[in-house]
Amino acid sequence: MSQHPTEILVAGQWRRGSGAPLDTVDPATGQLLATLHTASAEEVDESAQAAAAAAADPAWRELLPHQRARLLYRIAELTEEAADDLAATQTADTGKTLTETKALALSAAGTFRYLAATLETAEEALTPSRGPYVTMSVHEPIGVVGAINPWNSPVASDAQKLAPALAAGNAVLLKPAAWTPLVSLKLGRIITRALTELGLPTALLSVLPGSGRVVGDAVVRHPLVGRIGFTGGTETGRSIAEIAARKLIPASLELGGKSPTIVRADADVEQALSGVMFGIFSSSGQSCIAGSRLFVHASLYESFVGELVSRVGKLRVGPGTDPDTQVGPLVHAKHRDSVADYVDLARSEGAEVLCGGAAPEGAAYENGAYYLPTVLAGLPNDSRTCQEEIFGPVLVVLPYDDEDDLVRQANDSVYGLACGIWTRDHRAAWNLARRIDAGTVWINTYKQFSASTPFSGMKDSGLGTEKGRDAIRAYQRQKSLYWGTSETPLPWAN
C-alpha cells in the first residue's frame, strides 16, 4: 500500500490545509495512520469560487454529453486499476475486511462506468405541441454542488454522488467524514489525474476534510452551492434540509434506518439464516440498511433463533486485513462505546443477551475498537432498543404470529429505508413487500445493490433518490424551449 495522503484538494490544487490538524487512526490497532490538516471555511469559499469558474469554463461547459462521458470512463478505468490500493486504504481507515473494501472500490468504478453509458444514451424530450409552436425540454448543469458523505463506505458513497454530478456537467465540493478521509483523498487523486489527462480544469473537484460544524456547514451555506447531496444521520440531514429550504436549492438526503427482516413460516431456513446474519453483521452492522430488527414466525422462532445464536457465536472477529475475518472492528473507539451503551440500555429495558454483548477479550483485541456480534431478545417493538438506530453488530429478535400485526410492527418506526423478506411463497412476498414502508425491499436476499436501480428512503430515512438512470437528472435543472411556427403575428403585434 502506498503512503497515506496528507494533502487535501483545495480549488483543484493539492496542498496542506489551513484548518485544524486531524488524526486518522486504524480502528483494528489504535495506531495512527496519518495526520492531515483539514480545510478551513476560507478554503471552502476559495474552492467554491474556483468551482464556479471551472463549471463555467467553455472547456467543460461546452463539452457534449458523450465527451463528458469520456471523463467518467477514464475515472472508472483508473479506479479499477487502483482497486487494491483503495481497498487497503479503506480497510486501514474504516476497519472493514479487505474483501468488502475491494468490492466497494470496484463498485465505485462500476458506478462511474454505468453513468458514463447512461450519459451517452440520455435523451431530451420533444414534448407534444399544443399550439403553433414546437416545444422541447432540455437539462442543464446546476453549477456547483456539495457532496457530504459518512464514514462507513466512503469510496462507494463518493462515487454515488461524484459520478452523476460530474456527468451532469457540474463542479463538486466533496466533504468526506472526519474519521475516514484517506480513501476519498485517493479517489480525488484519481479524478484530478483524469481531468488533467483530458485537459479539463482540476477545480471541478475539491476534497475538503474537516468537521461538519466547520467544513460541512460552510459547504451547505455557501451561496454558490446550488445543490446538496448528503448521506448520514437523520438529525444532521434535517438541519441541511432546513438550510437548503431557506436557500431554495434541492437536496437529496440518505439518512438512517432500523430495517425489519422477516422470516415467514415457509422460509428456506438455511437461506434465511445466512441472509439474516449477512444483513446485520457484515460491515460490523455499520450500515444504514442493516437488517437490525428480526421478526420470525412463532412456529419457527425457538429453533430458528437457537440456530442463529449458535452460528453468530462462531463468527470470526478480527482485523480487516486477516482473510479469515468476518466481523471487523468498529470505525472508532468512540463509536464502539456508543454501541456498548446501547446494549447496556437494552439490558435496562429487560433484554436477554443471547450472545455477544461485550467487547472481545484477549491481547489481539485490546487496542482495537472491537465489539462482539450481539443478539438480543425479550424486548417489545416499541422499546428504544428496537426503535433507535444503533449502527453496530446488534440484532433484536421478535416473534410474530399474525401477518397484519407483523406489518403494523414493521412499519411502526420513524424510519423506512429497507426490508428483507424470507419466504418460498412468491405471492405472499409480493403482497408483503408492497405493504412495507421502505424504499428497498429484498426478497430471499439482502444488501444487494445495482447502480442501475434507484435507491431512496421513506419517512425519516431520507429525501430524494440516488442511483439509476435518473441520477444525472437530479443534478441538473430542466429548461423548456418554445419555437413559434406560425406566420401569423401574435395578437398584440400591432
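Which residues in helix 3 meet which residues in helix 5? In this predicted model, Pro65, His66, Arg68, Ala69, Leu72, Tyr73, Ile75, Ala76, Glu77, Thr79 and Glu80 of helix 3 meet Ala105, Leu106, Ala108, Ala109, Phe112, Arg113, Leu115, Ala116, Ala117, Leu119 and Glu120 of helix 5. By class, this contact has 15 nonpolar, two polar and five charged residues. The axes of helix 3 (residues 65–81) and helix 5 (residues 98–121) come within 8 Å and cross at roughly 165 degrees. Angles over 145 degrees count as roughly antiparallel, so helix 3 is roughly antiparallel to helix 5. The crossing is left-handed.

Aspartate 84 belongs to helix 4 (residues 83–94), 18 residues from lysine 102. Lysine 102 is partly exposed at 30% relative accessible area, whereas aspartate 84 is exposed at 54%.

The structure holds 26 salt bridges. One of them joins lysine 161 to glutamate 466, the closest N and O atoms being 3.0 Å apart. Lysine 161 is in helix 6 (residues 154–167) and glutamate 466 in strand 23 (residues 465–466), 305 residues apart. Lysine 161 counts as buried because its relative accessibility is 1%; glutamate 466, at 7%, is buried too.

Arginine 189 pairs with glutamate 7 in a salt bridge at 3.2 Å between the closest N and O atoms. Here helix 7 (residues 182–197) is linked to the segment before strand 1. Arginine 189 is partly exposed at 38%, and glutamate 7 is partly exposed at 33%. Elsewhere, Arg74, Glu77, Arg193 and Glu197 form a network of salt bridges.

Key:
Residues numbered from 1 in each chain as written. Predicted model: local features only at pLDDT ≥ 70, side-chain atom pairs only at ≥ 80, totals over all residues. Heavy atoms only, no water. Axes fitted to C-alpha atoms, helices over the stretch in contact; angles between N-to-C directions. Helix = DSSP H or I, 4+ residues; strand = E, 2+ residues; numbered from the N terminus. Parallel < 35°, antiparallel > 145°, perpendicular 65-115°, else oblique. Left-handed = near helix turned anticlockwise from the far one by under 90°. Contact = heavy atoms within 4.5 Å. Nonpolar A, V, L, I, M, F, W, Y, C, P; charged D, E, K, R; others polar. Salt bridge = Lys/Arg side-chain N within 4 Å of Asp/Glu carboxyl O. Buried < 20%, exposed > 50% of the residue type's maximum accessible area, 1.4 Å probe, protein only.
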